[in-house]
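Trainee: Could you please take me closely through one residue and its surroundings, and then carry the account on to the parts of the model beyond that residue?

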Amino acid sequence: MATSADQRPDPDLLLAKVNEQERKARRGRLRIYFGSSAGVGKTYAMLVAARKLESEGRKVLVGVVETHGRAETAVLLDGLDVLPPKSVEYRGRALAEFDLDAALNRHPELILIDELAHSNVSGMRHPKRWQDVDELLAAGIDVFSTLNVQHLESLNDVVGGITNVRVWETIPDKVFDAADEVVLVDIPADELLARLKAGKVYVAHQAERAAQHFFRKGNLMALRELALRRTADRVEGDVQAYRVDQSIESVWKTASALLTCVGPDPAAERVVRAAARLAGQLNAEWHAIYVETPSLQRLAAAKREKILANLNLAQTLGATTAVIADAQIAESVIAYARKNNLSKLVIGRDPIRRLWPWQRSSGQRLAMLAPDIDLIEIGRAVNQSAESSRESNRFTPLYEVESSERRNAKRLRYVWAAAACVGMTLLSIPLASHFDRSNIVAIFILTVVLVARLGRGPAALAAVLSVCAFDFFFVPPRFSFAVSDVQYLLTFFVMLAVGLSVGQLTTGLRFQARVASHREERAGSLYEIARDLSAAVQVEQVVKISDASIQRTFRASAALLLPDSSGRLVDTSSAPLKRVDALPVEIGTAQWAFDRGQPAGFGTDTLPGSEVLYIPLRAPTQARGVLAVKAHNRRLLRIPEQRQLLDTFAALIAIALERVHYVGVAQDALLKMESERLRNSLLAALSHDLRTPLTVLVGLAESLALTAPGLSSVQLETAQAIQDEARRMSTLVSNLLDMARIESGGVTLNLQWQPLEEVVGAALESARGMLQQHRVVVQIPRDLPLVKFDAVLIERVLVNLLENESKYTPPGSTVTLSAEAVDDQLKVSVSDNGPGLPVGREEAVFQKFTRGERESATPGVGLGLAICRAIIESHQGKITAAQRPGGGAVFTFTLPLGFPPRIADG
Amino acid sequence: MAEPLPVAILIEDERQIRRFVRTALEAEGWSIHEAATMRDGLNDAGTRRPDLIILDLGLPDGDGVQFLRDLRGWSKVPVIVLSARVSEQDKIEALDAGADDYLTKPFGVGELLARVRATARRRLDGAVDPNAAFTFGDVKIDLSQRTVYKGGAAIHLTPIEFRLLGLLIANSGKVLTHRQILREVWGPAHAEDGHYVRVYMGHLRQKLEDDPAQPRHILTETAVGYRLVQNAR
């Protein structure tokens, strides 16, 4: 909580601001031309602004502009680049719609999209135009659009109240609030009416009608006020955002978030809208929750859908929503409010319908439970009761799909109830002479209780039949419905009451049992798929298991679409192991769902006309594919619990796919490790087997030379020759083995930060023998930074280069080894003043088995430079050969410098 | 009767290598015991009271590093290991496990004898007298006075440089791995900071070598460590 002493801006707020700015940097900017009604000149203003931008050199594309036959607007379109509309067949008519894909392909800097609240023809990708715009913005395209105040969702009912014209094309307020700029286009009501009369708004014959209904001066003034207020709210929001930006403290607001509850009450929609407006005015975040009690779960499907629709509305109005399953409404609401730190509760006022004096309204209950939370009651509309009576109260259990079979079973239950009553009556008649009538009553009550197991209807039937039979057969006068003693009326009443209430009770229990069994079924199917998937080790198994599970649980056909290496989805159903009755998968839609990570198709906001639902399989690291589901009973997928279950399935499948993926990765790594181990041991064995005889050769030749008494000079020379050749052979073997190792990728660089000087010293020491006839000059600056390299390999490079010098330059030549730091590279060169390289072969010398001259007497097979290149390239460096200015050759290699670690002084 | 000959044990599985090494060492006046396996070698080392062990790291029946660890548990006899060029890591491990020197195959008799002589001399001389003066090239160091002269001119060394030089002198002729130097000079906490050694070794060379790029005394054993050579070749 911010205290008055807290002068600093909240870091979280600033961070949110930065994140928002980053996100916006990638997104296009949305500017909305906002007006109170048609005809104020929004489109005109938009076009004027766009023309100005185009004249400044911006790439402007006209996506959709409705001129409504207004000449002065049409003129402005001249010379602008207009996107051809897409022709869509709808109920036999060709309609022109905005071509989203073409616009995305063209990718202009700015696109003009008129009438943001427009609803697309079914069959387009999105049902609403603002969703098209959202996608354009996401692609980084700036959008100019227009909007009238009556199209704002939260003001929709208010405007409807003012004008008596309810518009159905609305946009969520969050779209308006998220717009980067809002430009209010405003003219006074009189002027608008004058324009209307002049035919500038609608063409003549429309104008008359419009003026009567909508364009009344009172309406226009009220709408204008609404538009101005709404814009003012937004500007205020901007000002606050600016203040947070600029660290102007004074207006820090404490968290005053709102919570509203959505229930079956028809006034709920009103409450939601009111809460949204209130939250907007308070500039606070708000939550909407629905507490589902067992009795609410029993509601008719239509009612439940209405509740969920209200919750959806809340979401589009910017609320955070949640569904909570709990028997105690008030307690769970308070618990939610406390958990989320919500200090204000918005509820609808209860209808005044108090049966008992101790009954309290929900407001009073909430107030008693949480005296510290502000309670705001929203009044009821006067005509609400009429609306509520229209609602169907027909009882349709959620999961019951009425089939003729089921109806027959129901009928049969009534027959059973009647038969039980008849049987019991026949059984009781002989007993009547022996037992008291009160005992007979007990037998009938027993019958009713037993029959109650069949349900509420049969129980009621049994109660009525029992009363009749008892009256007819046992109450004097017998065999007549007449009753002589009044006290039997009480007996009848008790029998009827017992029958009805027991029936009611059993039905309730049966319902609860069914709900519980459905829950169990869901849990069971989840458990099953989780268990099966956990055993899967191959993608094919995952596909098979998910297919079978979804088939079993949802009575739906499913397909898994998995991405190939380039992220394009491939339908696994084309694999031979799948059934033939594959569903009509639209790869394009699936790809959309995969790329966005949002569900698409049936029952979603994107291409809802499709038969198939596409759910992206989101795993912890990335999306793993798309699950396509087509339910045979479509309604089943609309039930929230079922959708949740399906989403859970999707999550499980995604995790299984990810696990399988990593199993594959691990196996590959293991295989690679194994082959590397094999290669290394092979090379080591080879190296050992080749070197051992060479060691023996060298050693024996040398010991031969040392034999006492001394050998003759010819013998000595032979021994020396054997030794030299063996050593050369050894170098050759080393080169070959190193080349094999480097080429097979089997070298792990032992990178260390070290001075170059040291490795140069070691290389010169190794090459000392070869370069005895040469003059060696070393030029290394003392202040060279440390470089990260593998000392053995770089020494190898230097030795090879020096060895080359010894071979290809005449004795007495000067070999210069120099180094310098150039930019972020260390440049090392070995040069000489010898005959230079064969012209045009500067690059070829680095090829394997290439030598300076063909068939020369100089020993070697030409691997040295090839190894140098391989080593330097594995260090991310470059090695080149060139003619030295002034004669001779120069070999240069580079190593990246990087950032050496600091050395503590000592 | 003359003084008994010094005893060397040669553990090497290749008969021909054993043959020329034996020839060379016997000519130098050593008594040689050959062993073809690790197990025999360990037995000989325990029973023959050797003055030197020459150990091939690539034996068929075991790991030379393990041999060294076993041996160092009860003996300080100098060990020279023989190893192929490719496996710097093996050499480092062997040196860290207590080997005194190494030879890379293929090696010549001359190199072998030079190493054997240096190792044997170190053993006979015992530890360097901490109070005695030590010289290499034209550099003269008085360890007790903590003074260093090069060609008569006093050289200033930082405390770490001096500790480093002291360590090299105490192990003159012997290869010290980076890890050993780090542990002795900087302490165990710096065991991974190999670049420290390289940088300070560079400083020492700048101050004490005639041509730091072509050192004559403070030699680099590439990727393994350093060796101080008193008498330049």
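Mentor: A residue is called buried under 20% relative accessible area, exposed over 50% and partly exposed in between, with a 1.4 Å probe and protein chains only. A:Ile545 has a relative accessible area of 17% and is therefore buried. This is a predicted model, in which local features need pLDDT of at least 70 and side-chain atom pairs count only at pLDDT 80 or more, whereas totals for chains, interfaces and linings use all residues. Residues are numbered from 1 along each chain as its sequence is written, chains are lettered from A and ligands numbered from 1 in the order in which they are written, and side-chain values use heavy atoms, without hydrogens and water.

A:Ile545 belongs to helix α21 of chain A, which covers residues 539-554; helices (H or I, at least four residues) and strands (E, at least two) are DSSP runs numbered from the N terminus. Leaving aside residues up to four places away in sequence, A:Ile545 is in contact (heavy atoms within 4.5 Å) with A:Ile529, A:Asp532, A:Leu533 and A:Ala536. A:Glu528 stands 17 residues from A:Ile545 along the chain, and their C-alpha atoms are 9.8 Å apart.

Burial also marks helix α28 of chain A (residues 864-874): nine of its 11 residues are buried, so the helix is largely enclosed by the rest of the structure. Among these buried residues are A:Leu865, A:Cys868 and A:Arg869. The buried residues of α28(A) pack against α25, α27, β24 (879-883) and β25 (889-896) of chain A. Just after α28(A), A:Gln876 has a positive phi of about 60°.

The account now turns to where the two chains meet. In all, 42 residues of chain A are in contact with 36 residues of chain B. The chains bury about 3500 Å² between them, 58% of it on carbon and sulfur atoms; buried area is the accessible area (1.4 Å probe) that two parts lose on being put together, summed over both. Three salt bridges are counted between chain A and chain B, each being a side-chain nitrogen of Lys or Arg within 4 Å of a carboxyl oxygen of Asp or Glu. A:Arg727 and B:Glu111 form a salt bridge through their side chains, at 3.3 Å from N to O. The elements that give two or more residues to the side of chain A that touches chain B include α24 (640-706) and α25 (713-743). Of these, α24(A) gives the largest share, 13 residues.

Chain B has eight helices and 14 strands, and 53% of its 233 residues count as buried. Strand β1 of chain B (residues 7-11) is largely enclosed by the rest of the structure, because five of its five residues are buried. From β1(B), B:Val7, B:Ile9 and B:Ile11 point one way, and B:Ala8 and B:Leu10 the other way. Five bridges join β1(B) to the parallel strand β2 (residues 31-35) of chain B; two strands pair if DSSP finds at least two bridges between them. Within this pair, B:Val7 lies opposite B:Ser31.

Elsewhere in chain B, four strands make an open sheet with antiparallel pairing, in the order β8-β9-β10-β11. Four bridges link β8(B) to β9 (residues 139-142) of chain B in the antiparallel sense, and B:Thr135 stands opposite B:Lys140 in β9(B).
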